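Notebook open, viewer running. I'm jotting down what I look up as I go.

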Amino acid sequence: MIEPQHAWDIKIVLDLTLGGMGVATFIIAFLYYLKGEKEFNIKAALAGMVSLLLGLLVLITHLGKPEAAFYTMLTPNLSSVMTWGVFFNVFALLFGGLFALPGLIKLPYAANEKIMKILGTLGSIFSFLVMTYTGTLLARSSIHLWRSPATPLLFLLVALSSGVGLYALVAYILKKDVPGELVNFSMITTLLAFVTMTLYFALANISTEAFRFSAELMLTEYMWATLLLYLLGFIGPFAVYFYNKKKPSKTNLLILAVLLILQSFLARYLLVYAGAMELPW
């Protein structure tokens, strides 16, 4: 017997989306911080850390046991991917938060370039680990759809897309320009995410019954989300990108930013809700 999983809901989708977007934005902001634009990129990094924190708060409301994270750190099970995820999130928030806080309040170490680079480097390392951890966690589950090697890759790609989206959103609010190379990069991640997502459907017929069941769910019960993902999440960014080539404007980049964030949300929504398990009875 096969039935959809019900343990993970919209709160998990929001946690995955906000967390992946936040850490990707932090990494992007730190890379551009190293290139010289410091004040703005510290603020962009702060937006990334706020997004990560919001995601974790949503997750805590879902679990209902905030003390579980402290217990996990005190008595870690190092063979558990989830345990490593707790550490990655905590250290990403710690080092990333210390790097980004000068964007909110004046702190004495902010003028010390060496300290800021160390904090940013550590924050970026743990942010990358957070970004890769979520897809790996799903890939190690008993849900056949999630166990595909495509899952960690898809989660990484849509996190990067949404990271560019949040970075561009902060740039729009603070009236800063978005580097053209970053916009181009988001088109690469979007194209690769499109190919990766399509593989789920292409390989369904040669996969397990539970996997096929999940693919059918995405084309029936969740057809609306699949259509939105392909139209707004994949085709939409390219349409806005090429239109902006002809008629550049900050409004176009704002729309692109929203679509890139929507891409991440819809891809994660589909995979979470279409996940199905094979019961032994």
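Predicted model: local features only at pLDDT ≥ 70, side-chain atom pairs only at ≥ 80, totals over all residues.

Which residues in helix 7 meet which residues in helix 10? I found V183, S186, M187, T190, A193, M197 and Y200 on the helix 7 side, and L253, L256, L260, Q263, L270 and L271 on the helix 10 side. Contact here means heavy atoms within 4.5 Å. For the classes, Ala, Val, Leu, Ile, Met, Phe, Trp, Tyr, Cys and Pro count as nonpolar, Asp, Glu, Lys and Arg as charged, and the others, Gly among them, as polar.

Residues are numbered from 1 along each chain as its sequence is written, and side-chain values use heavy atoms, with hydrogens and water left out.

**Helix 7 and helix 10, the geometry**

Helix 7 is residues 180-202 and helix 10 is residues 250-274. (Helices are DSSP runs of H or I with at least four residues, strands are runs of E with at least two, and both are numbered from the N terminus.) I looked up their axes, which come within 12 Å and cross at roughly 25°. An axis is a line fitted to C-alpha atoms, for helices over the stretch in contact, and angles run from 0 to 180 degrees between N-to-C directions. Helix 7 and helix 10 are therefore roughly parallel to each other. The cut-offs: under 35 degrees is roughly parallel, over 145 roughly antiparallel, 65 to 115 roughly perpendicular, and the rest oblique. I also noted that helix 7 passes helix 10 in a left-handed crossing. Left-handed means the near helix is turned anticlockwise from the far one by less than a right angle, and right-handed means clockwise.

**Helix 7 and helix 8**

Next I checked how helix 7 sits against helix 8. Their axes come within 9 Å and cross at roughly 115°. M197, Y200 and F201 in helix 7 meet F211, A215, M218 and L219 in helix 8. That contact has seven nonpolar, no polar and no charged residues.

Which residues of helix 8 are buried? In helix 8 (residues 209-219) I listed A210, F211, S214, A215, L217 and M218. (Buried means under 20% relative accessible area, exposed over 50%, partly exposed in between, with a 1.4 Å probe and protein chains only.) Seen down the axis, the buried residues of helix 8 fall within an arc of 155°, so they line one face of the helix. The arc is taken from the directions from the helix axis to the C-beta atoms. What covers these buried residues includes strand 1 (2-4), helix 7, helix 9 (223-246), helix 10 and strand 2 (276-278).

**Helix 5 and helix 6**

I moved on to helix 5 (residues 113-139) and helix 6 (residues 150-173), whose axes come within 8 Å and cross at roughly 145°. Their crossing is right-handed. The contact is made by F128, M131, T132, T134, G135, T136, L138 and A139 of helix 5, with T151, P152, F155, L156, A159 and L160 of helix 6. I got nine nonpolar, five polar and no charged residues there.

**Two serines**

S162 is found in helix 6, and S264 lies in helix 10. Are they buried or exposed? S162 is buried at a relative accessible area of 0%, and S264 counts as buried at 0% too. Not counting residues up to four places away in sequence, S162 touches M21, T25, L260, I261 and S264. With the neighbours within four places left aside, S264 is in contact with T17, V158, A159 and S162.

K175 is in the loop between helix 6 and helix 7. K175 has a positive phi of about 60° although it is not a glycine, and at 69% relative accessibility it counts as exposed.

T121 lies in helix 5 and is partly exposed, at 37%. How far apart are the C-alpha atoms of T121 and F30? I read 7.9 Å, with the two residues 91 apart along the chain.

A7 sits in the loop between strand 1 and helix 1 (10-34) and is exposed, at 56%. The C-alpha atoms of A7 and V272 are separated by 9.7 Å, and these residues are 265 apart along the chain.
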